Structure formats: C-alpha cells, structure tokens
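User: Could you walk me through how one part of this model packs together? I'm new to this, so please spell out the terms.
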Amino acid sequence: MYKIKIKDLNNFGGMNHYAAKELKFKPAPQRNEIFLEKDKPRFMESTLIHELTEAELMKRGMRYKTAHKKAIDAEIAAGLVPKKIII
C-alpha cells in the first residue's frame, strides 16, 4: 500500500522510490510513497497508474528503463488521457 503525496516535481508528473533511486532524484519518496504533481484529475490518475506499475516492477528487480516502458503501456491501456500526451 502506498501513500500518495502531492509535490512540486519540476514537471516530472510523478515519482516513486525505485525510479528516484535509479535516477538519483531528490528528494526521493520513501518505499511506501508515490509523489504526484497537482494536475487535472484524469492526468493525476493516469500518472498514478504509471508510478504504481513502475514501482511494483522495479521492486521485483526490473531496471528503470524496462519498467518505465511497461508503465507507459499500462498508462496507455488505462485510456485516461490521449496516447499522444503520454508519449
């Protein structure tokens, strides 16, 4: 279970602990946190799907680049925002 915190992320949209660690992003969320930037609700929900997918894959050992691609696929499949905005 993750705690969601709204933060200014300098246009990153969202960040999870595992991606932050690999990207050397500071301040990094704790293992049980997801940071999201304030946005329209559908965009925030889409980003949350991305971050949850990415965090769970990376927690199991997947590298950022691969997990990020799969998280983009999950975000597109959710259909909350147009694909052209996600990519």
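User: What do the buried residues of α3 pack against?
Analyst: They pack against α1 (17-23), α2 and α4 (83-86), where helices are DSSP runs of H or I with at least four residues, strands are runs of E with at least two, and both are numbered from the N terminus. This is a predicted model, so local features need pLDDT of at least 70 and side-chain atom pairs pLDDT 80 or more, while totals for chains, interfaces and linings use all residues. Residues are numbered from 1 along each chain as its sequence is written, and side-chain values use heavy atoms, leaving out hydrogens and water.

User: Which residues of α3 are buried?
Analyst: Tyr64, Ala67, Ala71, Ile72 and Glu75 are the buried ones, buried meaning under 20% relative accessible area and exposed over 50%, with partly exposed in between (1.4 Å probe, protein chains only). They lie on the same side of α3, because they cover an arc of only 145 degrees around the axis, taken from the directions from the helix axis to the C-beta atoms.

User: And what is exposed on the other side of α3?
Analyst: Lys65, Lys69 and Ala77 are exposed there.

User: Switching to Thr47, is that residue buried or exposed?
Analyst: Thr47, which sits in helix α2 (residues 41-59), counts as buried because its relative accessibility is 18%.

User: What is Thr47 in contact with?
Analyst: Leaving aside neighbours within four places in sequence, Thr47 is in contact (heavy atoms within 4.5 Å) with Gly13, Gly14, Leu36 and Glu75.
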